[in-house]
Amino acid sequence: MVKVNLLIKNGIVVTVDKEFRIYQDGAVVIEGNQIVDVGKTSRIEQKYTKKDYTVIDAKNKAVIPGFVNTHAHLYQNFMKGWHDNLQLKEWIYYVLFPIIQYANSLPESEKTEFFRTALILANIEALKTGTTTLVDFSTTVDISLEVFESTGIRGVGGMTLADRWIPEELIKPVDEILNNIRKLTKLWHNKHNGLIKFMLAPSTPYIASKDLLIESKKLADELNLPYTIHVAESPYEVEMAKEETGKTPIKYLYDIGVLDRRVITVHNIWLTEEEINLLAKSGASVSHNPKSNMRLASGIMQTRKFMDLGINVSIGTDGAASNDTLDMLDAARAAVLLSKVFTKDAASLTGVDGLKMATINGARALLMEREIGSIEVGKKADIVLIDLDQVHLRPVTDIVNVLLYAGYGHDVDTVIVDGKVIIENKQVKTVNEEKILALAKEKYEPILQEIYEQTKKDMKIEKK
């Protein structure tokens with residue numbers, strides 16, 4: 001796709017910069033992949049001639065930074081709507097395991113196509129709902145990275161690491177795991193004009209051995225890679241960690257030297273006061289996954305308390321198997337509303353907090369706050385235009401609150417990633433959406449239906 005200079009004008013530009021400036025009749029100038037000017041349309045039009053730029057008229061549209069989704073499992077887009085009556089432990093057995101077992105039974109080429117189809121669907125959904133940076137915490141990271149390149153999203157492939165509590169035939173020596181990390185990092189990290197990033201993703205403190213956690217963190221630091229891990233999603237996980245390590249999860253990770261500014265801890269629901277303070281002391285960020293936490297009845301993260309201690313809180317959707325969508329506006333809204341309910345304080349979190357968590361805080365968590373997360377001169381042009389001219393978004397008074405409390409991903413009209421228009425008039429320009437939908441519907445939907453029906457039978461037998 002040829003990159004052109006762009007001039008976005010006549011929109012309500014929500015910069016999410018340090019001053020949180022909003023231009024009611026605003027414009028953004030993009031040259032190559034960089035933002036070179038932001039301000040009032042009247043000034044911008046005087047300074048920049050139309051003939052040098054492709055003009056995007058953003059009248060009746062909000063112009064915001066692209067969303068940064070700091071936690072998802074993209075292959076799970078094949079499991080939307082599965083079993084809404086299970087908590088985490090049972091959900092793993094009756095939702096995740098059956099799909100993984102099916103995929104592993106396929107010849108390698110068919111297995112790759114199976115996962116690739118799910119991943120492309122997820123990428124399209126993320127892009128069409130305004131996500132410009134997407135983390136995939138995945139055992140299929142090599143496929144994810146290829147898909148990121150084809151769709152044009154800013155993708156971060158998180159390589160899942162585990163050497164405990166998994167089938168023995170899947171366990172590899174730590175040295176072999178580390179060597180594989182080096183190879184994939186060299187092959188993919190910062191490729192595709194810097195759009196593709198690589199990160200390390202130990203599953204949980206009790207699924208990764210102490211040696212794997214420590215050595216993989218050392219390697220992440222050496223290679224300048226971010227690092228992410230599930231922590232304290234359920235009481236069951238906390239008990240498992242205590243049984244295996246003698247400590248609560250955050251306390252354990254802190255004591256072995258894993259937690260620092262490069263780390264994103266995911267979920268963080270069942271933390272003690274000591275752990276929250278240690279998390280703040282470490283400088284680690286948090287990926288808050290509110291809809292998944294509600295769907296699995298896992299609990300509510302103490303978002304306001306975290307923020308009061310200076311912890312950087314970002315938003316993740318988690319996988320579609322435990323959320324059902326990759327809609328970041330919906331996830332940000334859930335985070336804000338949950339905090340109000342949990343604290344019984346309507347001022348606990350605001351729409352501004354929600355938008356920051358979904359944009360600049362996500363960029364900060366990924367160590368990319370100097371590149372993305374806000375609309376500022378010198379940053380990469382990752383920008384989303386949201387159509388305000390529809391019934392459920394009118395009248396527009398407070399633009400941020402209207403977006404956060406009334407908006408949804410399907411309101412997104414245009415998505416620009418790294419200066420390229422990827423979504424235009426709600427249509428994806430990089431991949432054939434119609435073809436991938438047909439493949440998912442005609443080839444995989446019957447298979448998935450069969451697996452789903454079998455899991456329902458298995459659950460009935462188990463209950464007996």
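Modeller: Helix α12 passes helix α13 in a right-handed crossing. A crossing is right-handed if the near helix is turned clockwise from the far one by less than a right angle, and left-handed if anticlockwise. The model is predicted, so local features need pLDDT of at least 70 and side-chain atom pairs count only at pLDDT 80 or more, while totals for chains, interfaces and linings use all residues. Residues are numbered from 1 along each chain as its sequence is written, and side-chain values use heavy atoms, leaving out hydrogens and water. Helices (H or I, at least four residues) and strands (E, at least two) are DSSP runs, numbered from the N terminus.

Two packed helices are described by the angle between their axes and the distance between the axes. Axes are lines fitted to C-alpha atoms, for helices over the stretch in contact, and angles run from 0 to 180 degrees between N-to-C directions. For α12 (residues 328–343) and α13 (residues 351–358), the axes come within 9 Å and cross at roughly 130°. The two helices are therefore oblique to each other. Angles under 35 degrees count as roughly parallel, over 145 as roughly antiparallel, 65 to 115 as roughly perpendicular, and the rest as oblique.

On the α12 side, Met328, Ala332, Ala335 and Val336 meet Gly354, Met357 and Ala358 of α13; contact means heavy atoms within 4.5 Å. By class, this contact has 6 nonpolar, 1 polar and no charged residues. Here Ala, Val, Leu, Ile, Met, Phe, Trp, Tyr, Cys and Pro count as nonpolar, Asp, Glu, Lys and Arg as charged, and the others, Gly among them, as polar.

Helix α12 also packs with helix α15 (residues 399–406), at an angle of about 95° and with the axes 8 Å apart. This pair is therefore roughly perpendicular. From α12, Leu329, Ala332, Arg333, Val336, Leu337 and Lys340 meet Leu403, Leu404, Tyr405 and Ala406 of α15. The contact has 8 nonpolar, no polar and 2 charged residues. In the loop between β14 (383–387) and α15 is proline 395, and the peptide bond that joins arginine 394 to proline 395 is cis, with omega near 0°.

Next, the core. A nonpolar core is a set of buried Ala, Val, Leu, Ile, Met, Phe, Trp, Tyr and Cys residues joined through side-chain atoms within 4.5 Å. Buried means under 20% relative accessible area, exposed over 50%, and partly exposed in between (1.4 Å probe, protein chains only). The largest nonpolar core has 128 residues, and Phe114, Ile181, Phe198, Leu213, Leu279 and Phe306 have the most contacts inside it. Helix α3 (residues 108–128) gives the most to this core, with 10 residues. Another core, of 17 residues, lies apart from it and includes Ile8, Tyr23, Ala58 and Val421.

Some single residues remain. Asparagine 361 sits in helix α14 (residues 360–365) and counts as buried at 10% relative accessibility. Tryptophan 270 is in the loop between β11 (263–267) and α9 (273–282), and its 41% relative accessibility makes it partly exposed. Phenylalanine 20, in the loop between β1 (6–14) and β2 (22–31), has a phi near 50°, a positive value in a residue other than glycine; at 15% it counts as buried. Asparagine 425 also has a positive phi, of about 55°, and is exposed with a relative accessible area of 54%.
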